[in-house]
Amino acid sequence: MKFTLNWLKEHLETTASLDDVVEALTRVGLEVEGVENPGEKLAAFRVARVLTAERHPQADKLQVLTVDTGEGAPLQVVCGAPNARAGLVGVLGLPGAVVPANGMQLKVAAVRGVESNGMMCSTRELELGDDHEGIIELPADAPIGVSYPDYAGLNDAVIDVSITPNRQDCMGVRGIARDLAAAGLGTLKPLKVDPVPTSGAGPEVRIEAPEGCPAYFGQTVSGVTNTASPEWMQQRLKAIGQRPISALVDITNYVMIDLGRPLHVYDKAKLSGALVVRKAKAGEQVLALNEKTYTLDESVTVIADANGVHDIGGIMGGEDTGVSEATTDVVIECAFFDPDHIARTGQKLNLTSDARSRFERGVDPAFLDDGIAIAARYVVDLCGGTASEVMRAGQAPTTPRSYRYDPALAETLGGLAVPADRQKAILESLGFRVDADWDVTVPSWRRDVDGPADLVEEVIRIEGIDKVPSTPLERVPGVARPTATPEQKLERKLRRTAAARGLNEAVTWSFISEAEAAPFGGGAWSLANPISEDMKVMRPSLLPGLLAAAERNVKRGASGVRLFEIGRRYLADKERLTLGVVLAGDRAARGWQGGKAQRFGAFDAKAEALALLEAAGAPVANLQVMGPDSLWAGDVYHPGQSATLRLGPKTVLAAFGMVHPGVLRAFDLDGDVAAVEIYLDALPAKRGTGFMRPAYTPPALQAVTRDFAFLVPAELAAGDLVRTVKGADKAVIVDARLFDIFTGTGVPEGQKSLAVEVTLQPGEKSFTDAELKAVADKVVAAAAKLGAMLRG
């Protein structure tokens with residue numbers, strides 16, 4: 001929201017400086033994004049008069065001017081503008097000035113052999129408009145030698161304020177002035193509403209869709225002349241980045257920015273029959289003022305006549321009924337559109353406008369009569385004509401809202417003690433009505449106020465948030481107790497472990513697109529009103545975000561990507577805490593030792609899964625490696641290069657493996673990518689009570705290792721054999737690990753050789769040969785249950 005300081009003072013009686021205004025705006029919660037003085041860049045340009053204009057001796061299209069700058073001798077300037085002539089008063093850029101349009105610094109230079117001491121400027125060169133047909137022509141009585149910004153009123157600071165969505169009342173200059181007046185920066189001037197004389201009936205208006213537009217007012221002004229708007233209005237619109245178009249269009253824009261009241265004007269000659277507020281028909285189209293055609297459906301509120309749709313209600317008018325220089329009769333529209341309908345329509349059509357930004361926040365529903373009266377007064381005063389009566393359809397929601405307020409809430413809720421009479425003065429200065437019993441009536445323009453807490457906010461922000469004292473929380477005597485939950489401690493430990501293993505943490509959005517969610521079975525939850533189609537579905541897995549991040553890094557030259565993230569998946573039943581890992585690109589770069597670069601594989605993913613599960617306290621030694629199924633990532637991973645880690649057949653702690661090629665294509669990833677998902681919510685809970693684990697005592701005797709080589713069926717998982725061997729005698733077998741796999745000469749077809757190292761730990765005495773043989777027999781017997789046979 002931009003406005004100039006002088007524009008603000010049209011509503012605020014104040015002697016405050018620009019710095020005071022900026023400081024006060026920030027203090028009351030209106031963040032100032034920037035302050036700019038457009039006249040500063042034109043300070044070196046002067047009002048000057050052309051005394052003589054002679055043809056250039058070396059060029060037919062150039063003239064040699066003598067220019068009076070108001071001081072000293074006239075200057076010689078070479079000019080190519082067709083309208084340059086003796087007696088013309090224009091704008092001269094002196095040597096040293098910088099032309100805003102192209103950044104060129106002017107200097108004394110020879111043009112075709114004739115010295116030129118500056119440049120006579122056009123509006124485009126000064127970035128004051130698009131006209132470049134000739135140099136600027138000022139009135140003959142313009143003061144020669146005066147700085148052009150001072151003459152043109154361009155030394156008026158432009159203030160840019162960021163308006164939060166809840167402050168719809170500050171989408172107009174008057175609303176901002178009201179806040180500053182309440183903050184003690186001046187007095188709010190009364191709003192002048194001077195209705196024009198009316199005669200005859202106005203346009204026929206009708207509402208058939210009150211849910212989208214509860215109230216619609218229309219007034220005809222006949223016999224207008226649509227010329228350029230006055231200079232003061234153009235200057236203010238230009239200063240804030242608005243392009244002046246014509247008096248009628250500029251009036252609607254000016255009132256919208258000045259008072260926060262969007263309006264629209266139709267060329268009456270282009271209308272046929274009554275103006276009807278209705279729902280669009282499926283497939284109806286409208287050519288909007290932005291020269292784009294929009295296809296509508298039944299959810300869109302439109303303004304139409306007998307010929308069809310002419311206006312996307314509350315957002316943008318249609319090109320076919322817009323006003324032009326030939327317009328003589330107009331219909332002024334002043335309506336109240338439902339904010340929710342406007343927001344949904346704007347998002348559906350991907351159409352933004354200044355009107356939409358105000359209507360979807362909620363304009364003042366009680367300002368319809370005054371708004372159309374002010375607009376009609378501008379039209380009649382600037383364009384002439386005769387106004388009809390105002391025709392009204394529907395009723396705006398103007399039922400007042402009141403809340404019982406306790407002044408003590410300012411201290412108990414807001415943290416600042418403010419005297420009751422001061423609180424009353426603040427609320428009344430903002431437009432609230434306060435009776436003797438502290439029943440506070442909310443003004444119609446404050447849609448955001450919805451209870452006593454909001455009234456406290458109004459009091460505190462005007463009184464000064466900086467006055468709220470810093471009060472430390474009461475400390476409990478003694479050493480502070482830990483505040484981290486077991487879940488938070490687990491997340492911290494896993495982050496440290498993952499980082500120590502060379503993984504980089506990523507933080508991705510919880511919302512993804514439908515296309516990204518589809519390979520993972522789609523999302524159980526979708527947003528009804530997403531800010532973007534790319535952020536519509538709540539993620540069913542952490543892998544979509546990690547794969548998208550890996551794709552971005554790989555395309556930017558990363559040879560190897562190791563990413564992890566701890567976050568939540570959003571399933572149909574609840575949120576589930578998960579750790580995701582993606583490994584893409586090269587595991588090891590090419591080198592003289594290893595030759596070619598080594599890619600990540602499924603066993604790299606398994607190693608990460610086991611290491612992170614061990615850090616999380618999972619009983620890694622008891623985990624079973626089982627294949628994925630349709631419930632646990634069966635369609636996400638490569639069917640022959642993936643598995644799950646389980647505690648028993650049903651409790652899945654992790655899924656890992658190579659990502660399915662179809663999923664990689666969906667994310668535009670080439671090559672092999674490994675991934676892991678650890679389901680932290682499935683980890684077995686630690687016992688909350690019980691005896692502390694005894695201190696570790698190293699064994700007194702040295703451990704003994706024995707190697708066993710088994711012939712097993714080719715389809716037997718090595719992990720199952722190792723786990724069975726380890727459980728053959730739990731009293732003495734403390735570890736078992738696979739150290740060799742062999743297939744080939746000497747191994748029957750359909751079988752493989754697995755070599756397992758078993759570690760035995762004696763207790764009070766060393767093992768005898770008989771005891772070792774007994775343990776070996778138990779190992780062989782346990783392996784035989786899996787179809788394993790001791791290799792001869």
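Predicted model: local features only at pLDDT ≥ 70, side-chain atom pairs only at ≥ 80, totals over all residues.
1. Salt bridges in total. The structure contains 42 salt bridges. Three of them are taken up below, each with its location in the chain.

2. R461 and D179. These side chains form a salt bridge with an N to O distance of 2.9 Å. R461 sits in helix 12 (residues 452-463) and D179 in helix 4 (residues 173-182), 282 residues apart. R461 is buried, at 5% relative accessibility, and D179 is buried as well, at 1%.

3. D194 and R377. The closest N and O atoms of this salt bridge are 3.4 Å apart. D194 is in the loop between strand 12 (187-188) and strand 13 (205-207) while R377 is in helix 9, so the pair ties together parts 183 residues apart in sequence. D194 is partly exposed, at 37% relative accessibility.

4. D668 and K555. Here the closest N and O atoms are 2.2 Å apart. D668 is partly exposed, with 44% relative accessibility.

5. Positive patch. K489, R492, K493, R496 and K686 form a positive surface patch. K489 lies in helix 13 (residues 486-500) and is partly exposed at 47% relative accessibility.

6. A366. This residue is in the loop between helix 8 (354-359) and helix 9 (368-383), partly exposed with a relative accessible area of 46%. Beyond its neighbours within four places in sequence, A366 contacts T398 and S444.

Notes. Residues numbered from 1 in each chain as written. Heavy atoms only, no water. Helix = DSSP H or I, 4+ residues; strand = E, 2+ residues; numbered from the N terminus. Buried < 20%, exposed > 50% of the residue type's maximum accessible area, 1.4 Å probe, protein only. Contact = heavy atoms within 4.5 Å. Patch = residues over 30% accessible without salt bridge, like charges linked within 9 Å, V, L, I, M, F, W, Y side chains within 5 Å. Areas by Shrake-Rupley, 256 points an atom, 1.4 Å probe, with all protein chains shown as cover. Salt bridge = Lys/Arg side-chain N within 4 Å of Asp/Glu carboxyl O. Lys, Arg positive; Asp, Glu negative; His and termini not counted. Charge placed at Lys NZ, Arg CZ, Asp CG, Glu CD.
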